[in-house]
Amino acid sequence: MAGISITDSDSEKAKYVFEILVQNVDYDASSENNQNIISVFIGKQTVCQGYASALQYLLDQLDIPCVIVTGMAKGGPHAWNLVQLDGEWYYVDVTWGNSKYHDDEENDVKYVEYDYLNITTEEMLQDHIPQVKFELPECTALKHNYFVREKKYFTSMDEAAIAKLGGIFKRAYQKGKNNISVKFSSRELCTQAKEYFLTDYHISEYCEGLETVYYKTDMQMNIFVVIFPK
């Protein structure tokens, strides 16, 4: 936790812990001690229970309320978390923040995916089914959702929104980032943005010299990720 400042907000601290776990720990179903934090902090390989336990442990050190939720996801047993920020509860799934894409040489490139960082009950229950004996809070707040906080959440696709989106892609490309993700309030808006910037390739108007771009879409969460090849 050395990268956390005493002046950071609880939301910034939680985001840092989420990122550091994804960046430093690989998902491996065959890892030893994968039902506890030994697999995370010593083995650097774990499964969902290890990720969820590690997030709870680290946030507890930071005095941020966090509990583990177990249940089913995509047909199998799974574990994730509830985190309280400014008095409001949010769902977090570190496991599903661990993502990869294939580069030009077909190598797996790992990156942090933010789809499940501080989301609502409505979003979480689309593919997660809790199976716990305690009552779960209703998560409705958006304030600390990753995309809302980072100003990458869009509720329209008018000229101003298009210009803002283009600027986000441009800055990410100029800074040499591998990828950038954005979220929309509806599937319709997500589809419109994807078609305008990627299908019709208007992204090239903002990213000078960009000849090829890859992308990944999550139409359930209304998110798409732009991946810049190296």
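Helix H3 (residues 48–61) lies across strand E3 (66–73), strand E4 (76–85) and strand E5. Its direction makes an angle of about 15° with E4. Axes here are lines fitted to C-alpha atoms, for helices over the stretch in contact, and angles run from 0 to 180 degrees between N-to-C directions. Contact means heavy atoms within 4.5 Å. Helices (H or I, at least four residues) and strands (E, at least two) are DSSP runs, numbered from the N terminus.

The model is predicted: local features need pLDDT of at least 70, side-chain atom pairs count only at pLDDT 80 or more, and totals for chains, interfaces and linings use all residues. Residues are numbered from 1 along each chain as its sequence is written, and side-chain values use heavy atoms, with hydrogens and water left out.

E3, E4 and E5 belong to an open sheet of five strands, in the order E8-E5-E4-E3-E9. The pairing is antiparallel. Strand E8 (117–119) and strand E9 (128–130) stand at the edges. Each has a single partner strand, so one side of each lacks a neighbour in the sheet. From one strand to the next, the twist averages 45°. Strands count as paired if DSSP finds at least two bridges between them. E5 (residues 88–92) and E8 pair over two bridges, in the antiparallel sense. Val 92 stands opposite Leu 117 in E8.

Helix H6 covers residues 159–174. At 1.5 Å a residue, its 16 residues should span 22 Å, and its end C-alpha atoms are 22 Å apart, which agrees. The expected span is 1.5 Å times one less than the number of residues. Buried residues of H6 include Ala 161, Ile 162, Leu 165, Ile 168, Phe 169 and Ala 172. Buried means under 20% relative accessible area (1.4 Å probe, protein chains only). An α-helix has 3.6 residues a turn, so residues three or four places apart point the same way. The cover over the buried residues of H6 includes strand E10 (153–154), strand E11 (179–184), helix H7 (187–199) and strand E13 (223–227). Gly 176 follows H6, with a positive phi near 75°.

The protein chain holds seven helices and 13 strands. Of its 230 residues, 47% are buried. A compact globule with 230 residues would have a radius of gyration near 17 Å; the protein chain has 18 Å, which agrees. This radius is taken over C-alpha atoms, and the globule rule is 2.2 Å times the number of residues to the power 0.38.

Key: Buried < 20%, exposed > 50% of the residue type's maximum accessible area, 1.4 Å probe, protein only.
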